[in-house]
Amino acid sequence: MAGLLTGLPPSVGAGCRVLVLGSMPGDASLQAARYYAHPRNRFWPVMASICGFDPVAPYEHRLRYLHEAGVGLWDVIGQCERRGSLDAAIVRGSEVANPLEEMLVAHRSIVAIAFNGGKAAEAFRRHVQPQLPEACMPALFALPSTSPANAAIRHDALQQAWTAISPLLHMPA
């Protein structure tokens with residue numbers, strides 16, 4: 001039997017320009033109450049390279065660096081039933097989307113959403129986009145998943161794909 005899971009709260013700074021949306025945090029992230037907590041998830045190394053910070057800095061520092069660069073974190077799905085961490089294990093029909101329209105209205109500075117993987121993009125198209133007014137729709141970037149389950153894509157190719165958001169970030173001089 002799959003268990004009902006509740007995701008993490010958003011991590012979004014005042015000047016957020018790019019909202020990175022995953023599908024639903026994995027077990028390691030939920031247990032640690034931290035985004036991308038699985039030791040083999042490549043999110044932090046990829047973003048550290050793009051934004052210029054140490055990928056093994058304390059979690060709070062990594063979040064601060066992301067916020068300073070204009071990056072926020074959240075997930076499309078706020079609640080669902082799932083056994084294990086894989087997106088494929090999410091019980092279809094159990095998903096409850098996070099209030100992303102409210103987020104976009106509250107943070108007008110968000111000019112883009114970067115989906116961390118195909119499940120996040122698909123969940124957004126199914127649960128959020130139909131209700132989202134066109135005026136609230138930022139640019140959408142469907143990026144490859146940084147999950148360890150996406151081992152087929154090499155790190156350099158993953159990093160290259162994620163640089164698509166670089167022009168939108170506040171980068172240090």
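I looked up which residues of α2 are buried in this predicted model, and I noted Phe43, Trp44, Val46, Met47, Ala48, Ile50 and Cys51. Since these make seven of the nine residues in the helix, which spans residues 43-51, I take α2 to be largely enclosed by the rest of the structure. I then asked what covers the buried residues of α2. The cover includes the strands β2 (18-22), β3 (71-75) and β6 (112-116), together with the helices α3 (59-69) and α6 (155-162). After α2 I found Gly52, with a positive phi near 80°.

Next I turned to the sheet, which is open and built of four strands in the order β3-β2-β6-β7, with parallel pairing. β3 and β7 (139-143) stand at its edges, and because each has a single partner strand, one side of each is left without a neighbour in the sheet. The twist from one strand to the next averages 25°. For the pair β2 and β3 I noted five bridges in the parallel sense, and I looked up Leu19, whose bridge partner in β3 is Gly72.

Last, I checked the loop between α1 (27-32) and α2, where Ala33 is found and where Tyr36 also lies. Most residues other than glycine have a negative phi. Ala33, however, has a positive phi near 55°, and Tyr36, likewise not a glycine, has a positive phi of about 55°. Are these two residues buried or exposed? Ala33 has a relative accessibility of 54% and therefore counts as exposed, the cut-off being over 50%, whereas Tyr36, with a relative accessible area of 13%, is buried because that value is under 20%.

Conventions: Residues numbered from 1 in each chain as written. Predicted model: local features only at pLDDT ≥ 70, side-chain atom pairs only at ≥ 80, totals over all residues. Heavy atoms only, no water. Buried < 20%, exposed > 50% of the residue type's maximum accessible area, 1.4 Å probe, protein only. Helix = DSSP H or I, 4+ residues; strand = E, 2+ residues; numbered from the N terminus. Contact = heavy atoms within 4.5 Å. Pairing = 2+ DSSP bridges. Axes fitted to C-alpha atoms, helices over the stretch in contact; angles between N-to-C directions.
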